[in-house]
Amino acid sequence: MCLGIPGELVAADPDNADLAVVDVAGVRRRINVGLLVEEDLKVGDWVLVHVGFALSRISESEAQAVLDYLEGLGQAYDDELDALRRSDIT
């Protein structure tokens with residue numbers, strides 16, 4: 001099963017238009033946004049992230065609904081966030 005996690009764009013990479021930094025539940029990660037080049041993404045936009053790639057732009061309300069659902073998963077979600085924190089590469 002694949003899981004996409006909402007992330008909020010917090011910074012663009014001035015040296016590479018295909019890269020940006022997202023905040024995923026308090027963890028900042030550098031991701032590839034090249035698949036969404038036609039979306040004209042800006043800081044503050046929300047994207048669905050999977051394996052380091054932004055797959056689609058989503059609304060803030062959709063992002064919050066997904067985050068609420070994931071938090072309801074309990075320990076499995078907490079474990080995933082811990083793994084993200086340990087691998088923080090911004």
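## Briefing: salt bridges, strands and surface

Arginine 57 counts as partly exposed, with a relative accessibility of 35%. Through salt bridges with shared partners, Arg57 belongs to one network together with Glu39 and Asp45. Please keep in mind that this is a predicted model.

**Salt bridges**

- The side chains of arginine 57 and aspartate 45 form a salt bridge, with 3.1 Å from N to O. Arginine 57 belongs to strand S5 (residues 53-58), while aspartate 45 sits in the loop between strand S3 (27-32) and strand S4 (46-50), so this pair ties together parts that are twelve residues apart in sequence.
- Aspartate 40 and lysine 42 meet through their side chains in another salt bridge, at 3.2 Å from N to O. Lysine 42 has a relative accessibility of 49%, so it counts as partly exposed; the cut-off for exposed is over 50%.
- A salt bridge also joins the side chains of arginine 28 and aspartate 23, with an N to O distance of 3.8 Å. Arginine 28 is partly exposed, at 43% relative accessibility.

- Strand S2 (residues 19-24) pairs with S3 in the antiparallel sense, over six bridges. Across this pairing, valine 24 stands opposite valine 27 in S3.
- S3 has two faces to look at: Val27, Arg29 and Ile31 make up the covered one, whereas Arg28, Arg30 and Asn32 make up the uncovered one.
- Two residues lie between the strands of the hairpin of S2 and S3, where alanine 25 takes a positive phi near 55 degrees. Alanine 25 has this positive phi although it is not a glycine. With 33% relative accessibility, alanine 25 counts as partly exposed.

- Valine 51 is found in the loop between S4 and S5. Its phi is positive too, at about 50 degrees, although valine 51 is not a glycine.
- The relative accessibility of valine 51 is 64%, so this residue counts as exposed.

**Around tryptophan 46**

- Tryptophan 46 belongs to strand S4. At 14% relative accessibility it counts as buried, because the cut-off for buried is under 20%.
- Leaving out residues up to four places away in sequence, tryptophan 46 touches Pro6, Gly7, Glu8, Ser56, Arg57, Ile58, Ser59, Glu60, Ala63 and Leu67. Among these contacts is Arg57, the partner of aspartate 45 in a salt bridge.
- Between the C-alpha atoms of tryptophan 46 and glutamine 64 there are 9.8 Å, and the two residues are 18 residues apart along the chain.

**A nonpolar patch on the surface**

- Leu35, Phe53 and Leu55 form a nonpolar patch on the surface, and together they have about 290 Å² of accessible area.
- Phenylalanine 53 lies in strand S5. Its relative accessibility is 37%, so phenylalanine 53 counts as partly exposed; that value passes the cut-off for patch members, which is over 30%.

How values were computed
Residues numbered from 1 in each chain as written. Predicted model: local features only at pLDDT ≥ 70, side-chain atom pairs only at ≥ 80, totals over all residues. Heavy atoms only, no water. Salt bridge = Lys/Arg side-chain N within 4 Å of Asp/Glu carboxyl O. Buried < 20%, exposed > 50% of the residue type's maximum accessible area, 1.4 Å probe, protein only. Helix = DSSP H or I, 4+ residues; strand = E, 2+ residues; numbered from the N terminus. Pairing = 2+ DSSP bridges. Contact = heavy atoms within 4.5 Å. Patch = residues over 30% accessible without salt bridge, like charges linked within 9 Å, V, L, I, M, F, W, Y side chains within 5 Å. Areas by Shrake-Rupley, 256 points an atom, 1.4 Å probe, with all protein chains shown as cover.
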